[in-house]
Amino acid sequence: MKRLILSAALLLAAMGAAHAEKADSNKPTEISFDNLDADDVKQIKTFTGNVVLTRGTLLMKSPKAVVTEDPEGYSFVVLTANAGTQATFRQKLDGAGDQWVEGRADRIEYDGRTELVKLFSKAQIKKLEGSKTASQVDGEFISYDSRREFFAVKNTPTGESKPGAGRSTMVIQPTIKPAPAPAANPPAGK
């Protein structure tokens, strides 16, 4: 348990002050798909076949997505995978540079009201700087709150931690700082 807490704290520190792109929450959501079953009374839409959901820099993909809408108009999305394919998400982070967060799992739940992403079963989240992985965490369950800059990693796909249930892994890449320029040599003979 202490390792899980330490791993989550280290990932949080590695993420720095990066938040998900704030402008994304005010963008329209576009969904492309092969098939749609929509129940307007219950506000449930089931998309199947190469589903791609985009909202600003947020990009989610899966074979199936179920989108429900609450009375205030916020969407809740459940992405599910097929055998051999995982659901994925990717989003640009606010801040300097080309920073992204991306994740994959057998099931991903996204709450549009809170901007909370939950990854269930064989979950992975990476922080990218350009195309280079800066940090990565793997576990059975990962919860990522982009507004609060908070990650939680649990050792079961239900989101609970149970003794002996499994272990998670975290990798933090070293920060490479440029070498200082060599001092100029004084001219010979002086």
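**Rings, charges and a nonpolar core**

Me: Which residue lies over the face of phenylalanine 120, and at what distance from the ring centre?

Reply: Arginine 107 lies over that face, at 3.8 Å from the ring centre of phenylalanine 120; a charge sits over a ring if NZ of Lys or CZ of Arg is within 6 Å of the ring centre and within 35 degrees of the ring normal. This is a predicted model, in which local features need pLDDT of at least 70 and side-chain atom pairs count only at pLDDT 80 or more, while totals for chains, interfaces and linings use all residues. Residues are numbered from 1 along each chain as its sequence is written, and side-chain values use heavy atoms, with hydrogens and water left out.

Me: ok, and is phenylalanine 120 buried or exposed?

Reply: Phenylalanine 120 is buried, its relative accessible area being 8%, where buried means under 20%, exposed over 50% and partly exposed in between, with a 1.4 Å probe and protein chains only. The residue belongs to strand β9, residues 116–129, strands being DSSP runs of E with at least two residues, numbered from the N terminus.

Me: What is phenylalanine 120 in contact with, leaving aside neighbours within four places in sequence?

Reply: With those neighbours left aside, its contacts are Ala105, Asp106, Arg107, Glu109, Glu140, Phe141 and Pro157, a contact being heavy atoms within 4.5 Å.

Me: Switching topic, how many aromatic pairs are there?

Reply: The count comes to 3 aromatic pairs, under a rule that pairs rings of Phe, Tyr and Trp (its six-membered ring) if their centres lie within 6.5 Å, with planes under 30 degrees apart counted as stacked, over 60 as edge-to-face and the rest as tilted. In one of them, phenylalanine 89 and tyrosine 144 have ring centres 6.3 Å apart and planes at 25 degrees, so that pair is stacked.

Me: Where do phenylalanine 89 and tyrosine 144 lie?

Reply: Phenylalanine 89 is in strand β6 (residues 87–92) and tyrosine 144 in strand β10, so the pair ties together parts that are 55 residues apart in sequence. Phenylalanine 89 is buried at a relative accessible area of 2%, and tyrosine 144 is buried with a value of 2%.

Me: How many residues has the largest nonpolar core?

Reply: It has 25 residues, and those with the most contacts inside it are Phe89, Ile108, Leu119, Ile125, Ile142 and Tyr144; such a core is a set of buried Ala, Val, Leu, Ile, Met, Phe, Trp, Tyr and Cys residues joined through side-chain atoms within 4.5 Å.

Key. Helices (H or I, at least four residues) and strands (E, at least two) are DSSP runs, numbered from the N terminus.
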